[in-house]
Amino acid sequence: MNTDTANQHANADDELLGRYVRKILAAPVYDQAICTPLQPAPALSAVLGNRVLLKREDLQPTFSFKIRGAYNKLVQLSQAQRSCGVVTASAGNHAQGVALAARTLGIKATIVMPTTTPELKVQGVRSREATAVLHGESFPFALAHALALAQEKGYTFVSPFDDPEVIAGQGTVAMELLNQHQGVIDAIFVPVGGGGLIAGIAAYVKYLRPQVRIIGVESEHSNCLQMALKAGERVVLPEVGTFADGVAVAQIGAYGFEICRRHVDEVITVSNDELCSAIRDIYDDTRSITEPSGALAVAGIRKYVAREQVERQTLVAINSGANINFDSLRHVVERAALVRPQAVPA
Ligand SMILES: *Cc1c(COP(=O)(O)O)cnc(C)c1O
């Protein structure tokens, strides 16, 4: 690439980030979402020798950040689109976000979820007066069905991640975070499913504070961003594990990938057992339970610190959600014990 084309690329890229930053600043998410605390994790910080801060998106009204993107998308639909209704496919948390936003705005919502969706997330949709349709064993099947319904009934399809308004809504997490911590941040660890959250965060942070590292954390059973970055294009994973059901996505979104390919510094993958252990780390510091996807970022921080041997850095984890069936906790506790046996009192 000669210097002129390289400069053109850089300018086009700045322009892209600038467009997202403007959308993020204008997103009216606080009609529905809250500004969540950025909270120190003293025990984990002491163990790791670094300052760990948790962005508590598990405290949102639907117990995940998804309400931000869903509301920002729905509030911007035309009157005609609103009266026809919306449809979406979701592994569960976006479903609850859309259901709540739609009820607030008086829009009819139909939500297709995989048959493997935890009952608690299905209830979260039904209790908010949306129509829940269970279809297909994983997200891609639910997605195909939702797109067919959109065609057939004239509903507007609301993607859980592959939409600029959804990405901008999720990006408000970064806007809060940079306001809440104006000192040095070395890295922000972001869980990745379809890439909407990390794209919104990366766009905002890299525009304003490019020296902050943006590190994606994926389940090793659904590492669609890592594979896409390696291949240089959006690959489709042949198989997706659903323990971390909030991120069980086979292909990174197109809009998100456009941002991630240039602005995500690296992607770390973690095992299910490491997620269980991270749920315990979070519990120890907050007395709150996160769902497996919600603990990805903390699991990523543990791995990063062990590998890089960094000390006294400020590392932020996005605690993205808390929608886990109570009955699943038994399994989480058992697996966590395998990773780090509980200390035996002397
Ligand atoms: C949706 C979700 C993610 C991933 O967000 P994407 O925008 O799909 O990458 C992470 N954690 C939880 C709890 C989620 O619900």
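The end C-alpha atoms of residues 35–321 lie 15 Å apart. This span is 47% helix and 16% strand, with helices (H or I, at least four residues) and strands (E, at least two) taken as DSSP runs. The unreviewed UniProt entry annotates residues 35–321 as "domain: Tryptophan synthase beta chain-like PALP"; such annotations may be inferred rather than shown by experiment.

The model is predicted: local features need pLDDT of at least 70, side-chain atom pairs count only at pLDDT 80 or more, and totals for chains, interfaces and linings use all residues. Residues are numbered from 1 along each chain as its sequence is written, and side-chain values use heavy atoms, with hydrogens and water left out.

The ligand sits in the largest cavity. A cavity is a set of points on a 1 Å grid over the protein atoms alone where a 1.4 Å probe fits but cannot get out. Sitting there requires more than half of the molecule's atoms within 2 Å of the grid points.

Around the ligand are 16 residues, each with a heavy atom within 4 Å. The closest are Lys-66, Asn-93, Gly-193, Gly-195 and Ser-320. The shell divides into five nonpolar, nine polar and two charged residues, with Gly counted as polar.

Polar contacts (N or O pairs within 3.5 Å) include these:

| Protein atom | Ligand atom | Distance |
|---|---|---|
| Gly-196 backbone N or O | oxygen | 2.9 Å |
| Leu-197 backbone N or O | oxygen | 2.9 Å |
| Ser-320 polar side-chain atom | nitrogen | 2.7 Å |

Taken alone, the ligand exposes 380 Å², and the protein buries 99% of that (Shrake-Rupley method, 1.4 Å probe).

Terms used. Polar contact = N/O pair within 3.5 Å; in protein donor to acceptor, adjacent residues only side chain to side chain. 1 Å grid on protein atoms, 1.4 Å probe; cavity = no way out; pocket = protein on both sides within 12 Å on 5 of 7 lines; lining within 4 Å.
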